[in-house]
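Hi everyone, thanks for coming.

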Amino acid sequence: MNNRRNRRSPRRARISPVSALRGAIGRHLRKHLVIYVPAAAPLIFVLLAHGITVATLVLIRSGVLPQGLGLHKTLVTWGVYGFLPLLLCSYGCFFAVARPVTGLLTRRYPEWPPAGLTVVSGAAYGAAVALVLLLLLAPGSTLRVFFLLLIGMATGLGNWWLYRALTVAPPQTAQPPRAGL
């Protein structure tokens with residue numbers, strides 16, 4: 001009875017391919033956060049612009065909105081042609097402004113709380129993105145300047161907050177050492 005044929009084979013743990021793939025992607029994203037986080041806000045903006053464009057097209061086709069609507073043209077232009085400059089600005093300013101500013105502020109003002117440091121660094125990051133967008137796109141009106149400033153600041157603050165939330169560990173309370181073990 002102890003021959004090989006009569007023995008049961010050990011049960012193997014079955015792993016779902018979907019959960020294994022999800023875990024591998026999650027580990028990869030956590031390992032390479034510096035590469036993926038600067039693209040988060042520009043990607044959200046482009047998806048938002050495309051969603052509003054689709055809704056506007058549906059409303060134009062149904063006759064609710066007039067045909068020559070300027071909003072639709074602006075959204076399509078921004079959604080298609082504005083994504084690449086915003087993405088490049090975000091990447092450049094992330095490495096050229098946000099990370100060095102954070103290092104400088106932590107060395108100069110070590111007593112600042114992490115939330116204040118995140119806001120100030122994100123604002124510097126957003127201001128740099130907005131400045132580069134203003135130089136690249138050269139808006140002709142005050143409304144367009146305000147729009148680019150708003151997008152730059154939202155991109156900078158959003159990306160930097162996301163980056164800090166994913167990379168900085170929350171402070172842990174110190175526990176007294178155990179005696180006698």
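This is a predicted model: local features need pLDDT of at least 70, side-chain atom pairs count only at pLDDT 80 or more; totals for chains, interfaces and linings use all residues.

Let's start with helix α5, which covers residues 83-108. How far apart should its ends be? With 26 residues at 1.5 Å each, α5 should span 38 Å, and its end C-alpha atoms are 35 Å apart, so the two agree. Along the way α5 has a kink of about 45°, centred on phenylalanine 94. Phe94 is also one of the buried residues of α5, and others among them are Leu86, Ser90, Ala98 and Thr102.

Now, what do those residues touch? Leu86, Ser90, Phe94, Ala98 and Thr102 are among the α5 residues that meet α7, and Arg99 joins them. On the α7 side, the partners are Ile151, Thr155, Asn159, Trp160, Tyr163 and Arg164. If you like the spacing, remember that an α-helix has 3.6 residues a turn, so residues three or four places apart point the same way.

As for the geometry, the axes of α5 and α7 are 11 Å apart and meet at an angle of about 60°. That makes α5 oblique to α7, and their crossing is right-handed.

Last stop: methionine 153, which sits in α7, residues 142-167. Beyond its neighbours within four places in sequence, methionine 153 contacts Ala123, Gly126, Ala127 and Gly158. Alanine 128 is 25 residues away along the chain, yet its C-alpha atom is 8.5 Å from that of methionine 153.

Key
Residues are numbered from 1 along each chain as its sequence is written. Side-chain values use heavy atoms; hydrogens and water are left out. Helices (H or I, at least four residues) and strands (E, at least two) are DSSP runs, numbered from the N terminus. The expected span of a helix is 1.5 Å times one less than its number of residues. The bend at a residue is the angle between axes fitted to the seven residues ending there and the seven starting there. Buried means under 20% relative accessible area, exposed over 50%, partly exposed in between (1.4 Å probe, protein chains only). Contact means heavy atoms within 4.5 Å. Axes are lines fitted to C-alpha atoms, for helices over the stretch in contact, and angles run from 0 to 180 degrees between N-to-C directions. Angles under 35 degrees count as roughly parallel, over 145 as roughly antiparallel, 65 to 115 as roughly perpendicular and the rest as oblique. A crossing is left-handed if the near helix is turned anticlockwise from the far one by less than a right angle, and right-handed if clockwise.
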